[in-house]
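Please walk me through this structure in the viewer, telling me what to select at each stop and what is found there.

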Amino acid sequence: MNPAFSVIFLTTLLGTGQGLFLALFVIEARVAAGLLEAPSPVFYPMGAAIVVLLLGAGLLASFFHLGHPERAWRTAAMWRTSWLSREVIALPAFMAVVAAWGWAHWQDWPGTLLIGVAGAALCLVLFLCTAMIYACIKFLQEWATPLTLVNFVLLGCASGVTLTAALAALRREPNVPELTAWAIALIVAGLVARLASLWRNARLKPRSNLQTAIGIKHSRIVQKAQGFMGGSFNTREFFHGRAPGTLRLVKWLFIAGAFLLPIALLAAGMAADSAALLAAAFAVQYAGLVAERWFFFAQANHPQNLYYQAVS
Amino acid sequence: MTQLALVIDLNVCVGCHACVTSCKEWNTSGEAGYMSDDNPYDRDPTGNFFNRVQTFEVGEFPNTQTVHFPKSCLHCEDPPCVPVCPTGASYKRPEDGIVLVDYDKCIGCKYCAWACPYGVRELDEHQKVMKKCTLCVDRIYDAKLPESERKPACVLACPTSARLYGDIHDEESVVSKAIREAAGYALMPEWGTQPANHYLPRRKTEMRIHEDELERADNPLKIDGRLPKPGVRDPSLDDVTSW
Amino acid sequence: MNAPLESPPAVTETRNTTCYMCACRCGIRVHLKNGEVRYIEGNPEHPLNKGVICAKGASGIMKQYSPARLTQPLRRKAGSERGAGEFEPISWDEAFSVMEERLRKIRSTDPKKFALFTGRDQMQALTGMFARQFGTPNYAAHGGFCSVNMAAGMIYTIGGSFWEFGGPDLDRARLFVMIGTAEDHHSNPLKIALSKFKRRGGRFISVNPVRTGYSAIADEWVPIRPGTDGALLLALTHEILNTGLYDRAFLARYSNAGYLVNVDLASAEHGTTVCSGETSKSDNPEHRHNQLWWDRLSGRAVPNHTPGADPALLGEYKLADGTPVKPAFQLLLERVKEYTPEWAEGVTGIPAKRIRRLAHEMGITARDQRIELPIAWTDSWGKEHDTVTGNPVAFHAMRGLAAHSNGFQTVRALAVLMSVLGTIDRPGGFRHKAPFPRAIPPMAKPPKGPEAVQPDTPLAGLALGWPAGPDDLCIDADGGPVRIDKAFSWEYPLAVHGMMHNVITNAWRGDPYRIDTLMIFMANMAWNSTMNTVEVRRMLNDRDEQGEYKIPFLIVCDAFQSEMTAFADLVLPDTTYLERHDVMSMLDRPISEFDGPVDSVRIPVLPPKGECKPFQEVLIELGTRLKFPAFVHQDGTRKYRDYPDFIVNFETEPGSGIGFLAGWRGRGGEKAMVGEPNPRQWEMYEKNNCVFHHELPRSYQYMRNWNQGYHEWAQRTRVRRYTDPIVIQIYSEVLQKFRMAAEGRGPSKRRPPEHLRQRLMTYCDPLPFYYAPLEVQATDTAQYPLAAITQRPMAMYHSWDSQNAWLRQIHTHNYLFINEKTATSLGIADDDWIWVESMHGKVRCMCRVSEAVEPGTVWTWNAIGKAQGAWHLAPDANEAQRGFLLNHVIAEELPAAEGRRMSNSDPVTGQAGWYDVRVRIRKAGADEPAETSPQFAPLPAAPGTNAVRRLWLAFVAGEKDKR
């Protein structure tokens, strides 16, 4: 696939926002359980505002993906069948609950935990919807795996928690070491899951090949002409056009950027008690996740590409 | 239930592209139009087409087959492009199984194209909606046309009649018969999309020559004094031995 | 799309006419919406295409609305160079007066200084007539560089040929062998027939170095080295003769196989057929038909077709006067003796075993699957037959055989093979299309010498004709050529379609003489229609010592801004096919079917764009202004209002009843073929799908070379003057006449110049033979080992369609296809930039590795490459940057030998040897630009073409606001 930056930002921003909310909610729950020291009262509403901002930015990014953004309202119609439609419902719902949760905290209303439970549930639903948009296309074999969901959840949570840790550190809130430790743990988990999916995808045997694509049983089939020479939607949308070397480079970049460097920076930040390092960890991690998502799309080899191999 | 479809006979397709441009011609001014073309007179001309003819080489010299392969929307019976559409713009008509896009509902998110393994949907770069083969739905029911012409433009155009059109759920239709009798197959059966369009494979007619077919009593060489009968006086065993 | 059925298409009008996106001439229905073309579809009621249409035909809209359309007459700007494309618009009045003045002067002094050459060969009845009325012999269409070998080789053998003249009867054939066929000859009808044939279980064998197009669906592909088809055909004949698989009865009765040939080396008549002293019954003074047979039953020589006699086909006999004679068939057998399959394997690359098998398949299918139709007919010798029989082996061949300098003899070999199998004008084999078969050779003759060209006088003879011997050559007293292209000279005696490919070079060099005005219609002689493109462009722009152009005045008529129009002094904007009247005339190359004559018309469906004027109107206006006898009354006043008027009222001679159109003649349209002019003829064509189809009675549909009934019908309808049989020339008596002249004997007093004697003796062989193409003979094949050829893509016709926004997306640039093993051995991979070098020139292009090409051959699609800015394409368009022209490595002349330059052409017919070039290939340097070479300065947009190039299109007919 040819990675679309609108979708890259949509999924990464959403993931971070969702992770941030989950982190805030877990803090709230653990505080309620007496397991953590309570943060300052403004921390939750501020966090919620950032979550809504991130989700809003993601939503905005997604509009650039559309040919007719003015008709975006129509997208809720097919929630019975379409994960995309479901995402479009889940996202504003989640945003609304987060906003309500933040507002309730701001107003110091009771029952925030209950709203938080609803938010967390919606958050998971949103993760499911977002991930399933990709995982449900069964012939995009790189995506059609539970690992897609796991990765979306873990990478979203990791970046969200890193952001929480950084925010907490910047605001001199309590619990920074715990949050940093959570972040490191999630990044490690994310790394394990992402490596698992890389390992899996490297061993994928494409179920479609030229034999099944044109229905001729022969070991040597080569396309000579795709039927047009100046490109088409099919060649622009589904081919990234980069050399294999670029892909490998991006892979190492995101392994370093989304995982190794953030871990190092988080560890260093924790050791040095440096908010700046934690903030840097988040920035690097987010950039790494953009690379990760670019790779996620680029690596997906669409079977339609079998039909678009050569001009002559 | 009706399922209209094309059956493409690779045995006779010579790769002339008649189906490609007749489709464009009909549809750009039709209900599914326009179909834009970018850089029409510049570098890398590119445009919106519903149908393409591709060429494959199968095997190695000298045992090479050149296969011309027309491809358009296969109107799957279980079309993966339809359920993913968030707006319902992409839909399959219950009455005849044609998969269509409602341009007024389409938001141009391209998700349906991602969900099609065959690469037969093309976003129009200017109208910004997804476009695809409609089986010329604005022709095939047009009562103003004579019955024989209520067919997709590509089918009418095809000089080798390599494109058959009909209802694959009707056992007696020309397409069902062709699929049955000429081993029609679907593309990428591994995904369970059940394409309505089918393809008929190459068939090879061979001639078997029996040795004795080269020897015939009426060989004209005999008339012209070649392959003569031996003369009565020519030497024979009768001349030399008595056993 | 939404609610598709609520607004059904609002087509406002439908009109029938005839397509001209290629030369196939299918019937089309053009749907118009608010005056714009909405949809062009095949006309289901048209006999040629039966409703189908091809990729080009279905893209006619984009041709009609192309921004490359010329819309005004243009004059080259004073002081600008030819080729720079600098023009100023002028009025038609001015254009006509310029032409009138110039041409009148030429006509009243030396008419041959005007040369008219047209790319289009289906309008020759009018263009040829114009040239003849002008009085110049310098006229031809593009056949000389297209497929004249195919026409001449077959017509001189069986009286007909492929495509417009005849074709394979795939309705009834069981085995179909296609050799080197270009996909544009014949287009839709062949596609229709091929598919039906395959579906009926017919076996289809394709012989071609490349497997594309029609060959793709062949049951068997026989890759062959280019230019060696003759060797294959002769080896097949060898095997068929030696296994007795020939149709003896057919050959004996319908060919000259049994005619006795004098084999007395001492005799002055050696090599000629021996004739009886008796007067023959033939009504044709040129064909006495009194040759002798050796009656094997009575053991003596008898006049051919003596009732009760059966000719010996083999053996050697002595006539009563002691003359040793052999039947022509015996000579054929001797000729093919050396052409064993083993020998052919070494030449063609096809294993001998396979050649034998192919021969057996042909012979056994012909013999054992005989067709018998219950059709009674009478042959030319009065014998009544109860049935028509046929041997169901059909062939089709075209440029793959024709475009070699050994093509004439190769095509002769094919015609002989088809005859030996007994497949001529019989069901399942080859069948003629009216007005074919013609006499061998056809009766029309070129002028015989310079005296035929006189000031202010029509030419004595037709500019193009069919020589029956040296007396019919168009030569001067010294044996030198009279025509600018040297056609019908001793160098190219049977150049029956002229030699357009040498006109510019000859005129530039002044050999045989300089001309004044060259008029070119619809031919891209500055690009893909010429060999040696770079040099020819230079010649067009070259001046003599006085500073005058060597070709002083150049008029080009075309509908689009091409590479050629850039060189014109005067550009005449032609209409498109949708804007004109046209006729596919019986006087020309009609669209006849096997079952009888068919002619057709174009009727305009749109008004001409701008000031466009059909070329026919230009000719009629010029002819009238110059007071050609055919175009003015005795008192010098205008005879024809315009072209449609001309078509209706013109008769070949006053009262002849023969005109351009054969349908709906007679005052009320009640007559066919001949009859008085019918003022409502166009209307009647229009009402009848623009086509007139005269189906012959079934008994006249077969065996037409020898069918008495058919001949009488043909004579009555003036299709033929005589009714004598058209006997297949296994042994070509015409060629023998040329050979005898070269040997210094024979009935003709004309003798070739010394330096051409050996050439004529060799190549004018009365029996087909194989020789390596002349260019190959002159090439160091160790240096240049690969044959380079072009193929015709079905979605693009020559250079006609690069201005077409849809078609150019399919072929916007081209690659050189190279067999994978060959490429690997050269260290070349897919998409590499490579140099293709011949001994004449080089071109840089991109490589495409393929398994569907013979290892010794490289090929590319024809005429995809374009010069920068031509056809209204951007200078950086793919056509100009990545597309290339193989023409750059092909020469119009052979390397000079003994100081003499000869055309790179067949020595008999002058057919251009396009496919003879040998090349070598090397990888381009890494530092070289990734673009084709050579490059030419970009052409500016001509005045009247759309100055602004649209960045995108969204064509919706009749709704300009929607775009």
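**Chain B and its strands**

Begin by selecting strand β1 of chain B together with strand β10 (residues 163–167) of chain B: the two run antiparallel and are joined by 5 bridges. This is a predicted model, so the tour follows computed features of that prediction. Within the pair, B:Val7 stands opposite B:Leu164 in β10(B).

Next, zoom out until the whole of chain B is in view. Its secondary structure comes to 7 helices and 11 strands, and buried residues make up 59% of its 243 residues. The C-alpha atoms of chain B fill a box of roughly 105 × 45 × 40 Å along the principal axes, and the radius of gyration of chain B is 28 Å, whereas a compact globule of 243 residues would have one near 18 Å. Among the contacts in chain B with a separation of 6 or more, 57% are between residues 24 or more positions apart.

**Where chain C meets chain B**

Select the residues of chain C that touch chain B: 81 residues of chain C are in contact with 74 residues of chain B. On the side of chain C, β3 (36–42), α5 (188–199), α10 (352–368), α22 (807–810) and β35 (952–953) each supply at least two residues, and α5(C) gives the most, with 7 residues. Coloured by class, this side of chain C has 42 nonpolar, 21 polar and 18 charged residues.

From here, move to strand β2 (residues 37–38) of chain B, which pairs with β35(C) in the antiparallel sense over 2 bridges. The bridge partner of B:Asp37 in β35(C) is C:Leu953.

**The largest nonpolar core**

Now centre on B:Ala157, which is in contact with B:Ala18, B:Cys19 and B:Ser22 as well as with C:Gly42, C:Val52, C:Ile53 and C:Ala58, leaving aside its neighbours within four places in sequence. The largest nonpolar core has 498 residues, and B:Ala157 is listed with A:Ala183, C:Leu232, C:Leu236, C:Leu414, C:Ile555 and C:Ala788 as those with the most contacts inside it. Helix α5 (residues 146–170) of chain A contributes the largest share of this core, 15 residues. In soluble globular proteins, nonpolar side chains tend to be buried together.

**Inside chain C**

For the last stop, select helix α8 (residues 328–336) of chain C, where 7 of the 9 residues are buried. These are C:Ala328, C:Phe329, C:Gln330, C:Leu332, C:Leu333, C:Arg335 and C:Val336. What do the buried residues of α8(C) pack against? Displaying α6 (229–242), α7 (248–254), β12 (260–262), β16 (324–327) and α12 (407–420) of chain C brings up the elements against which they pack.

Key. Residues are numbered from 1 along each chain as its sequence is written. Chains are lettered from A and ligands numbered from 1 in the order in which they are written. This is a predicted model: local features need pLDDT of at least 70, side-chain atom pairs count only at pLDDT 80 or more; totals for chains, interfaces and linings use all residues. Two residues are in contact if their C-beta atoms, placed from the backbone, lie within 7 Å. Helices (H or I, at least four residues) and strands (E, at least two) are DSSP runs, numbered from the N terminus. Ala, Val, Leu, Ile, Met, Phe, Trp, Tyr, Cys and Pro count as nonpolar, Asp, Glu, Lys and Arg as charged, and the others, Gly among them, as polar. Two strands pair if DSSP finds at least two bridges between them. The radius of gyration is taken over C-alpha atoms; the globule rule is 2.2 Å times the number of residues to the power 0.38. A residue is buried if 20 or more other C-beta atoms lie within 10 Å of its own, exposed if 12 or fewer, and partly exposed in between; C-beta atoms are placed from the backbone. A nonpolar core is a set of buried Ala, Val, Leu, Ile, Met, Phe, Trp, Tyr and Cys residues joined through C-beta atoms within 7 Å.
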